[in-house]
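Please keep the structure in view while reading.

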Amino acid sequence: MTAIVLGASSLGLLYGERFIMTPPPLCQTAVLLMDFLLLGYFLYVGIKKRNPLVMGLTVLQALPMAYFELMGWGHHTEPVIVVDRLSVLLGIIINIVGPLVCIYAISYMGEHEDHLGLSKSRQGRFFLFMLLLLGAMNGLVVSNSVYWLYFFWEVTTLCCYELIRHDATEQAEGNAQKALWMSLVGGVAFVAAMYVGHYAADSIAMDRLLVAQPTSLLLIGFGLMALAAFTKSAQFPFHSWLLGAMVAPTPVSALLHSSTMVNAGVYLILRIAPAIRGTSLSWAIALIGAFTFMLTALLAISQRVSKGILAYSTIGNLGLMILCAGINTPLSYAAALTLLLFHSLSKGILFMGAGIVENRLNSRLIDDWEGLLGKLPFTTMTMLVGMVGMFLPPFGMLLGKWVAMDAVASSPTLEGVPLILLMVIGSAATTLFWAKWLGHLTILPIRERHSDPEVLLAPYKLSLMTLLGINVLMSVGVAFAINNLVVPILVGSYGAALTTPGLGVNTGVGTFLVIPLWAAFIIVPLIGIYLARWKGGSIETPYLAGENIGEDGLSFRTIADSESEFKVAGMFLDDVIVEDKVARFGVAVGALLVLLMFVLAVI
Amino acid sequence: MNENYIVNIVLPVLLTLGAPVVGGLLMGVDRKITARMQSRVGPPLIQPFYDAIKLWNKRPVIASRLQPVLAFSYLGFSLLAFGLLMFRQDLLVIVFTTALADTCLITASLNSKSPYSYLGGRRELLSVLAYEPVLIMAFLSIYMVTGSFLVDEVLAYRMPLLIQLPAVLIALVLVLIVEMKKSPFDVSASGHAHQELVRGVYTEFSGYTMAMLELGHWVKVTLVLSIVTLFWAPNLLIGAALSLAAFFIVLVVDNSYPRLTWRSMIKTTWGVGFILILANIVGLNLMGVI
């Protein structure tokens, strides 16, 4: 029910004009009150869990906030709510993918609680925070008052914290607190940004700040907002909370990674991007995004746990979007928007699929997922298409990456070259980690064994099929998506950069033939299937450099006729890419880059 | 009008369909030259075609139900990538399309549960990791000079690319070695069997599926060589001579170097390739060309 209402209302807004509203003072007071309640709760959490970081960071924002309010600086902000085309795009993502994840969660949480053997259901609490998160995200993308933006930002922090610790294990508790303190760093940056806004432009209305004279003080303010965005979007050096978040039930990950939470950071950077065009600050933001993209793609190769790969992939793609937003040309802005849209559509599918598999196999290790295509054909096929959709043509995600490459390439030479170098390495590593996982899933047993048919609850099927359907339709009709969702956003501050002549998409420096590629993508495998039927062939056991034993072809005779079995295992290169080391390197470089960003903002 | 129709549609289609023929002949040349370098006589020039036809007519044996579909998709998408080049389309889209073809090959080799094939598939992935970034960087430098990723525009560019991008061409030769699965970068499979690898990605293919892989491989080699041709776009005959020269260099290298491990492969293609391309770009920038 909620799903339909939210989805319909966001589509309704699509065809509306810019929508402005200032709620009565009572609402403002209510938000103020709730904000301090929220901070009070964080403080309580900090004290109860004896976490000095949480305590300190909460106090660091509560006191300045109180002073800010006492002076009455935030009172004359008008308008409080502004809905423009960027908000609408975000709204569509949140309100279509979000509710589908919630539908999926109805089935998942039932199974999950059966697994845990809970006597009393805790689902009420779970869905409360899931829906609250959707609500807060909606609020976040329409707030023009930085104060309101900050409030909704903190509500998403709260929901995230509560959802990660939902299972109440020790690990969940620890990871939730990590997510909390990292998000609170963002909160502190936000409060500081409010002060900057007040002193530099005498306003905390986003639309005023964006058009104000860009003094270096104001640039620092935008730098602070970018810092807050990095915490939410899990860029280096704040990447680890999103990895920790995978201890939560899978729908939480699906929601955080696809349509909510992490998108908030990208949204904020997209929001401030027009105001920092051509500054070194913007370039520094791009560099952090590019660095994150490259390093997480390498880290994803080393992951043995399904959700670990997905998490690194999310962080990397967010990095790519931030890279594009930072390059800050009309084309790169369009690339960021396209990636944002298609990433949420694809990542949702993968997390939901991974959750189903995990509940069936009781394992998150992808080595245990060998030959899943034979065991869970429906779920696996959906995931396979989702994976192909992440990195191969003709899907929308790859189109976004292609636009991004064109955009980076067409930025000024010597600034663009380091960025594109990071990008092409990341891009190739992305191909590697998806393709190896994809291949591993398709291993089929040589002799068909009888296995139980795959039974899926209706909400599972509904949510997976709908999301996959939307992804494919949007990818085929990408011209429609670009003309109706992306270009209207560009027109305001950048001017249209993408055109859709004939059968493809044009960036001015290249053409992506969407329709012919899709036609080939469908026709080629169909001919392949026909050919396979025609030529056929008997299935034989593999070559093992020794006599095969048995019909399954899983063992062979070796020295002195002894029987020897073999296994195949994934490639993780974790002797080369040692996760701890690489991640520590990433955090260190990330911290330096953030420092560099502020230095560049000042000068 | 009529002439346009021939140049814009009929010719590219014919060229695309001709790619396997050209590729097969190149493979024949390869075997002949290699044999001469090793003081052998070598097979006839059209031996690769005899081989392919023989393979096609063998008793069909497959390793899994998906295998033939994926093998054909590899061929089909390789042809698609080549077709995009002949229709003078976007260079980056061509790379992504070859990645699609590669993924089909890799999936086909991973999905037949066989240790050698699996090992080959993993190494094929590493080969993609080794050459794809270099190839994209090379295209980037072409873009910086010509102002477009469209082959159409690159062909229309007046000055031969070789004059402005000599180092990039050398980097492309590295890519060509990996794509042709030639020593020292033949880690995933090669023309002849290696002890620890058997035939790598190709191990579990036989008969008609193997024939399709061979054809796909020919098309891909022709694709990279055609890209080398672009380096003398004003006169494509000189361009073709250039690509044949590159082809010959690859054969010389193949016969003079032992194969490396995948680590050294990535170190070499990235290290040497990136440095060459970056030096070229920075040089052009200092000279004020871009």
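In chain A, strand E7 (residues 555–557) runs antiparallel to E8(A) and is joined to it by three bridges, where strands are DSSP runs of E with at least two residues and helices are runs of H or I with at least four, both numbered from the N terminus. One of the residues involved is Arg557(A), whose bridge partner in E8(A) is Glu563(A). The two strands belong to an open sheet of three with the order E6-E7-E8 (chain A) and antiparallel pairing, a pair being counted if DSSP finds at least two bridges between the strands. Strand E6 (548–549) and strand E8 (563–565) of chain A each have a single partner strand and stand at the edges, so one side of each has no neighbour in the sheet.

This is a predicted model, in which local features need pLDDT of at least 70 and side-chain atom pairs count only at pLDDT 80 or more, while totals for chains, interfaces and linings use all residues. Residues are numbered from 1 along each chain as its sequence is written, chains are lettered from A and ligands numbered from 1 in the order in which they are written, and side-chain values use heavy atoms, with hydrogens and water left out.

The contact between the chains (heavy atoms within 4.5 Å) takes 68 residues from chain A and 62 residues from chain B. Together the chains bury about 5,800 Å², with 75% of it on carbon and sulfur atoms; buried area is the accessible area (1.4 Å probe) that two parts lose on being put together, summed over both. On the side of chain A, the residues that lose the most area to chain B are Lys535(A), Tyr543(A) and Met571(A), which together make up 9% of what that side buries. The interface also holds two salt bridges, each defined by a side-chain nitrogen of Lys or Arg within 4 Å of a carboxyl oxygen of Asp or Glu. Among them is the one in which the side chains of Arg263(B) and Asp575(A) meet at 2.8 Å, N to O.

The remaining features are spaces found on a 1 Å grid over the protein atoms alone: a cavity is a set of points where a 1.4 Å probe fits but cannot get out, a pocket is an open set with protein on both sides within 12 Å along at least five of seven lines, and lining residues have an atom within 4 Å of a point. The second largest cavity has a volume of about 60 Å³, and its lining includes Trp437(A), Met571(A), Tyr118(B) and Arg122(B). At least two residues of this lining come from each of H19 of chain A and helix H5 (115–146) of chain B.

The largest pocket, with a volume of about 890 Å³, is lined by 33 residues, of which Met381(A), Pro525(A), Leu66(B), Val69(B) and Leu70(B) are the closest to its centre. Helix H17 (377–391) and helix H22 (514–535) of chain A, with helix H3 (66–86) and helix H4 (91–111) of chain B, each give at least two residues to its lining, and H22(A) gives the most, with eight residues.

The second largest pocket has a volume of about 740 Å³; of its 27 lining residues, Asp30(B), Arg31(B), Lys182(B), Gly191(B) and His192(B) are the closest to its centre. The largest share of this lining, five residues, comes from H1(B).

Definitions and conventions
Grid points are joined across faces, edges and corners, and a volume is the space filled by probe spheres set on the points.
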